[in-house]
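Take one section at a time and find each part as you go.

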Amino acid sequence: MIHSIVFILITTAILRFSWKRYAQVYQAIKLGKPNWPEGSALVRFKNMLLFALGQRKMFTKPVSGIFHFFIYTAFLLTQVEFLEIFTDGLFGKHRLFANKIGFLYPLAINTIEILSLLALIATAVFLIRRNILKISRFHKPELKGWPFADANIILLGEIILVISIFMMNGADQYLQQLKPESYHPTGSFFLSASTTMPLISGLSADWIIFTERFFWWTHYLVVLGFIAYLPYSKHLHIFLAFPSSYYADLNPRGEIQNIPYIQNEVKGMLGLENDPSMEAPNNFGAQDVNELSQQILLQAFSCTECGRCTAVCPANITGKKLSPRKIVMDIRDRAEEVVQTKAFKKSEDGTTIEITDGLSLFDKISKEELYACTTCNACVEACPVLINPLKPILELRRYDILMNSGGPSEWLPMFNSLENNQAVWAMSENRTNWIKIE
C-alpha cells in the first residue's frame with residue numbers, strides 16, 4: 001500500500017510539473033495565424049504514416065537511418081514493459097502481465113531486450129559520431145551550447161534506460177530461482193540471463209531484491225524524466241512529428257504561393273481581369289511569430305535539429321551565413337520567449353494577437369541570412385519530417401521588402417523594371433510587344 005501511495009504521489013507531481021511546460025508549447029503554437037493548409041485528409045494521413053511513423057526519409061542516409069530505426073523501434077516496443085511497470089506500481093503488483101498473456105510474455109520481453117541491445121549499440125554510435133568523429137552537421141554555430149548538450153543528455157538517458165531493463169530483468173530471474181514463493185515464473189529472458197544475472201548471482205537475497213527494485217524505479221523515473229524533459233528538448237519531435245507531417249503542404253515543393261493582393265494588382269497592370277474592390281491588407285509578410293501561421297510554428301517545434309537541411313543548403317555550403325536549421329530554431333525560440341515573458345495580448349474579439357515586447361524575429365534572424373537564400377527548396381526536400389524552412393524565410397523577406405522598402409541594393413533595378421516594364425530586365429519596350437514579329 002505504501003509503495004503504491006509513493007508511486008502515485010511521485011507520478012502526479014512529475015506529470016503536474018510537465019503539464020505546465022506542454023501548455024506553454026501549445027500556447028506558443030497558438031500565437032500564429034490559424035490558416036492551416038488545405039487538402040485531402042487521406043493524403044495527409046498517408047504522409048503521416050510514411051514520414052513520421054515509417055521514417056521514410058531517414059533512410060536517405062543509410063547509416064544514421066538504420067541506427068535511428070533501432071532506437072525508434074525500441075522506443076515504441078519498450079512501452080509495453082513501461083506499461084507493465086506503471087500498472088504494477090499503481091496496483092502494488094509484480095509482473096502483472098506475465099500471468100495474463102502466457103507464452104506471449106517471454107516472447108515480448110525477449111523482443112524488447114533484443115531491440116534494447118540494438119538501441120544501445122545505436123546510441124553508442126550516435127555518441128561517437130557527435131563527440132569523437134564530429135560529423136560536420138552536428139558542429140554548426142547554431143548547435144553550440146544547449147542544443148549540443150541536449151542531444152547528449154537524451155543519448156545518455158537512453159543508455160540508463162537500457163541498462164536498467166537488463167539489470168531489472170536479470171535480478172528478477174535470479175529471484176524467481178531464489179524465492180519462487182514471492183517471484184512467480186515468467187519464462188526465460190535470454191539476453192539478461194546471460195549478461196546481468198551472472199553479475200549479481202553472488203549477492204545475498206536482500207541485495208538482489210534491492211537491485212531489482214532500484215533498477216525498476218530507475219527505469220520508471222527516467223521515463224518520467226523524459227516526459228518532463230521533452231518540451232524543453234528537440235526530442236519533442238517524438239510527439240509533434242505526427243501532427244506536423246499531417247499538416248505539411250501538399251502542393252509541389254517548388255511552388256511559391258503568391259500574395260493575393262499583389263497578384264490582383266499585377267493582373268490590373270497587365271490588362272487582365274482583376275478585382276478592383278480588393279482591399280490591401282494591413283501588412284505583407286511576417287515580422288514576428290504572430291504573423292506566421294500556426295503550421296509554421298508547429299513545424300518549428302517539430303524540428304529534430306538533425307541538420308540535413310543545412311547540409312544541403314547551397315548558400316551554407318558556399319560559406320554564406322544562412323542555415324535553414326537556425327531559422328527554424330530561431331522561430332521556435334522566439335515563440336517560447338514571447339510566451340514565457342507573457343509579451344502578448346489578444347484583440348478584443350480574440351481573433352488577432354499583438355506582441356508587446358518591442359522585439360521581433362528580425363532581432364534573431366539577420367537580413368544577411370534571409371537574402372542568402374536561393375529558394376532552391378533543397379532544405380525542404382531534405383527534411384525527414386516535411387518541415388518547410390523556406391516558407392518563413394519568404395514571409396520575412398516579403399515584410400522587409402514590402403513594408404520596410406528593404407532588400408539588397410543590387411535588387412533595386414530589378415524592382416524598378418518589374419514595376420515599370422513588368423519584367424526583371426530594364427527593357428524600354430512594353431512586355432506585350434516582345435512577341436510581335438517585325
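## Cavities inside

The structure, a predicted model, holds four cavities of 30 Å³ or more. A cavity, on a 1 Å grid over the protein atoms alone, is a set of points where a 1.4 Å probe fits but cannot get out. Grid points are joined across faces, edges and corners, and a volume is the space filled by probe spheres set on the points.

The largest cavity has a volume of about 100 Å³. It is lined by 14 residues, and those closest to its centre are Cys303, Cys306, Cys309, Cys383 and Ile387. Lining residues have an atom within 4 Å of a point. Helix H15 gives the most to this lining, with three residues.

## An open pocket

A pocket is an open set of points with protein on both sides within 12 Å along at least five of seven lines. In the second largest pocket there is about 1200 Å³ of space. Its lining counts 31 residues, and nearest its centre lie Ile262, Ile401, Leu402, Phe415 and Leu418.

Which helix gives the most to the lining of the second largest pocket? The answer is H11, with six residues. H11 (260–269), H18 and H19 each supply at least two residues of that lining.

Residues are numbered from 1 along each chain as its sequence is written, and side-chain values use heavy atoms, with hydrogens and water left out. Because this is a predicted model, local features need pLDDT of at least 70 and side-chain atom pairs count only at pLDDT 80 or more, while totals for chains, interfaces and linings use all residues.

The protein chain has 19 helices and two strands; these are DSSP runs numbered from the N terminus, with helices being H or I of at least four residues and strands E of at least two. Of the 438 residues, 45% are buried (under 20% relative accessible area; exposed is over 50%, and partly exposed is in between, using a 1.4 Å probe and protein chains only). The mean pLDDT, the predictor's confidence in each residue from 0 to 100, is 89 for the chain. Confidence is lowest in helix H19 (residues 412–421), at a mean of 83, and highest in H15 (residues 324–340), at 96.

## Helix H18 and what follows

Helix H18 (residues 390–404) has 15 residues, which should span 21 Å at 1.5 Å a residue; its end C-alpha atoms are 20 Å apart, so the two agree. The expected span is 1.5 Å times one less than the number of residues. Among the buried residues of H18 are Leu390, Arg397, Tyr399 and Ile401. Their cover includes H12, H15, H16, H17 and H19.

After H18 comes Ser405, in the loop between H18 and H19. Most residues other than glycine have a negative phi. Ser405 has a positive phi of about 55 degrees although it is not a glycine. Is Ser405 buried or exposed? At 67% relative accessibility, Ser405 counts as exposed.

## A closer look at Ser302

Ser302 lies in helix H12 (residues 294–302) and is buried, with a relative accessible area of 0%. Leaving aside neighbours within four places in sequence, Ser302 is in contact (heavy atoms within 4.5 Å) with residues including His237, Leu240, Val385 and Ile387. The side chain of Ser302 also reaches the backbone oxygen of Leu240 at 3.3 Å.

Definitions and conventions. Polar contact = N/O pair within 3.5 Å; in protein donor to acceptor, adjacent residues only side chain to side chain.
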